[in-house]
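Trainee: Could you take me through one part of this model in detail? I would like to see how its pieces sit against each other.

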Amino acid sequence: VWLPFPPVSGKDGIFLSLRSGTFSWLRLRAAALAVGLLAGCAGGESAGGAREAGPHGAGGVSAVDDAGRTVSLPRPATRIVSLLPAATETLVALGAGGTLVARTDYDDDPELAGLPSVGGGLTPSLEILASLRPDLVIAWEEAGAARIRPRLEALGIAVFALQTQDTAGILANVARFGHLLGREAAADSLGAEIRGQLAAVSASVPPGERPTVLYLIGIEPPLVAGPRLFIGEVLEAAGGRNAFFDVTAPSPQVSLEEIVRRSPAVVLVPSRDSAAVMARLRGAPGWRELLERGDTRVTVLPPDILHRPGPSIVPAAWLILRAIHPGAIEGM
Amino acid sequence: VTLAGAGTRLLLLGTVVLGALLISVAVGAVRLPIGDVVRAARGFGDPTHVAIVQQLRLPRAVVAALVGAALATSGATFQALLRNPLAEPYILGVSGGAAIGAVGAIVLGWGITAAWAVPAAAFAGALVAIVLVLRLAASVGSALDTRILLLAGVVIGAFFNACILLLLTLTDVESFRSAIFWMMGSFAGSTWRGAGIFAIYFLPGLLLLFGLARSLNLMSIGEETAAHLGVRVERVKLLAYAVASLLTAASVAVAGVIGFVGLVVPHVVRIAWSGDYRFLIPASALLGAAFMTGADAIARVAVAPVELPVGVVTAFVGVPFFLWLLRRRIA
C-alpha cells in the first residue's frame, strides 16, 4: 500500500508480496529445495568430501569466519543459535530452520516465534545461550571490542563471527553455512539462485539514462549507503548511479549541503512510516528546497527487507529496481 | 557511636552483602531451582548449569560487589577531601580519562585481538587524567587547593568529553556502537581473572583509606584545623586522592561508568548512622557492595533476556530510597 509500484503478476509476484515479507520467498525456496533433495539430489551432495577434509577427520566440518579464524566442528551443526536476522534467514533458506534452537528479539519470522529468545542479537543473554547447549553460535564480529565471542568460547561454544558488508559476503555466508551444516548442495543452489536473480534484476534495467540515487539510511544526521555496502551494490545492479559513489566508508554520515549540491534524482528511504518520512523531509530546510525544485523523487521502502544482508537481497533488488525505474518490465 | 555499636552494624551490613551475593547467584535469565544452583556452585550436576553458575553468575556477582564497594569508598573519600556533598568518584575527570582510553582502544580495534586491551586502555586513560589534574592543581595554587582541584577536574573532564565526541564522530557505525555499549556500563564481561585483578587493587586501597579515616574526619572539618591537630595535611591529601582515584579508575576499567553509587551510598550511611570516617569507610564499602550486587541482579532479571544498563537500576532504586531517607531525616 505504501509502495508506489505497479501491480505485478505471475512469477514475479512473490517478490512483491510484502505483507508476508521476505519469508514467503524463502519458504518457497526451502520447499523447493526439500523437494529437490527428496527427488534424489541428496545423493549428489558434495558434503561428504568436505567433511573428510575437516580437521577432525571423517565427519568434521570447518569454515573460515570474518574474524579470520577457522571454525571447526566435529560434525555438522545441529543446534544453532543465530544472533543475526540475516544469518537466520540464510539458514532458513538453506532448509535448516529446524536446526535453530533460539531466536533474537529482532527475528520476525512467525515460524521462529515458538523458540526461546536470547534477547538482542548484539547483547544476548549469555546464560540463556549457554543453557540451550548450541553447537554453533553465529554472531556479529564487533568492531573495536569483542565482548560476546571470547565469553562464549570460554564456555566451550563454537562461534562463527560475521561482518557481512557486501554481496560477496552474502554469497560467502551461504557457502560457509553450507559447509558447517553439511548442506553444500543446498548452498550451491541457493548461491546460484541469488546470483541468477541479481543478474535478472540487472537485465531488467531499461536502456537509457541511469538516474543518480541516494539511499538514505538515516535522516538526521544524514547517513547514506556507500558503494561498498551491499545495498549500494544492489542499487548499481538495479540501474542507478550512487549519488555518493565516491565515499569509502560503508555507511558514512554526510552533510545535507552535499546532498543538496548533488541533488539526486531518486532518494530511497527505508522506513515503516512513509507519511512521517515525507512530512519530515518536506519540513526540513534543504530537503524542502530539494523537493520543491521537482527534480527529486522520494520513495519509502520497507527496512526489514532492505537491511538484511542475506537472501533478502533478492527481493530488495527487485524493490529497488521498481523504485528507480517504475516502468521497468522484468525480463526474467 | 560506640565501638560495639559500630561493630554490630558492620556485621549486619556484612550479612546484607552475603545475602545480596546469594540472591544474585540464585537469579538470572535462566531459571534454575535453588538446589541446582547450590549443586552447580560446588561443581556438580548438569555441566551447563555449572558453567552458568561458576563462569557467568559468580564472577559477575563478585565483580559487582567489589566495584560497588570501591566506588562507595572512593565517593566517601572525595566528599571528605573536597568538603563537598556533591563530590563523587568521577568528579576529578577520572571517568572522562578512562572513557577516552577505552573509546580510543575500541576505535583502533585493539579490543578485537586482546580482550584485556580495552580495560587496560581505560585504566591508562584514567591514570593520565589523575596525573593531569593533580599536576595542574599543584602548578597553579598552593599544593592541592580544593577549589583549584575541582576546577581542574571539571575542565580536564570537559576536554576529554570533547575528545570522545570527536572520536565518535570520525569513527564508523560499528565502533560507535561498541563504544556506546562500553560507556553505558555493565558487568556482563566479568571474569574470575578480572575479579582477581580488581581485588588486588581494591583490598590494599580500602585498608589505606581506612587507615586515613581519623585524618579524614578532621579534614572534613577544615584543613587548617586538621593541621593544627597534627594531621600532615599535604601527605594525607595526596595519598587519599591517589588511592580514591585509583579505585575509581579500576572500577571504570572493569565495568564502565556506573553513576549514583559513589555519590549516594556514603550519604545514606551518614544519614542513617554516622559520619565518622572510621565507620563510614567500611560501612560505605559494605553498603556499596550490597547495593551494586542487588542492582546488577535486578538489571539481569527485570526484562530478561534483555539486560538493563546497571546505572539505570542504581538510579531508579537509589533515588526514591534516598529521597525517602532525606525526608524522614528532615521530619
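Mentor: Happy to! Let's start where A:Ala87, A:Thr90 and A:Leu91 of helix 4 of chain A meet A:Val174, A:Phe177 and A:Leu181 of helix 7 of chain A; contact means heavy atoms within 4.5 Å. By class, this contact has 5 nonpolar, 1 polar and no charged residues (Ala, Val, Leu, Ile, Met, Phe, Trp, Tyr, Cys and Pro count as nonpolar, Asp, Glu, Lys and Arg as charged, and the others, Gly among them, as polar).

A word on the source: this is a predicted model, where local features need pLDDT of at least 70 and side-chain atom pairs count only at pLDDT 80 or more, while totals for chains, interfaces and linings use all residues. Residues are numbered from 1 along each chain as its sequence is written, chains are lettered from A and ligands numbered from 1 in the order written, and side-chain values use heavy atoms, without hydrogens and water.

The axes of helix 4 (residues 85–93) and helix 7 (residues 167–181) of chain A come within 10 Å and cross at roughly 60 degrees. Axes are lines fitted to C-alpha atoms, for helices over the stretch in contact, with angles from 0 to 180 degrees between N-to-C directions. Helices (H or I, at least four residues) and strands (E, at least two) are DSSP runs, numbered from the N terminus.

Now the sheet: an open one of 3 strands, ordered 3-4-5 in chain A, with parallel pairing (two strands pair if DSSP finds at least two bridges between them). Strand 3 (80–82) and strand 5 (159–162) of chain A each have a single partner strand, so one side of each lacks a neighbour in the sheet. Helix 7 of chain A lies across strand 3, strand 4 and strand 5 of chain A, at about 175 degrees to strand 5 of chain A.
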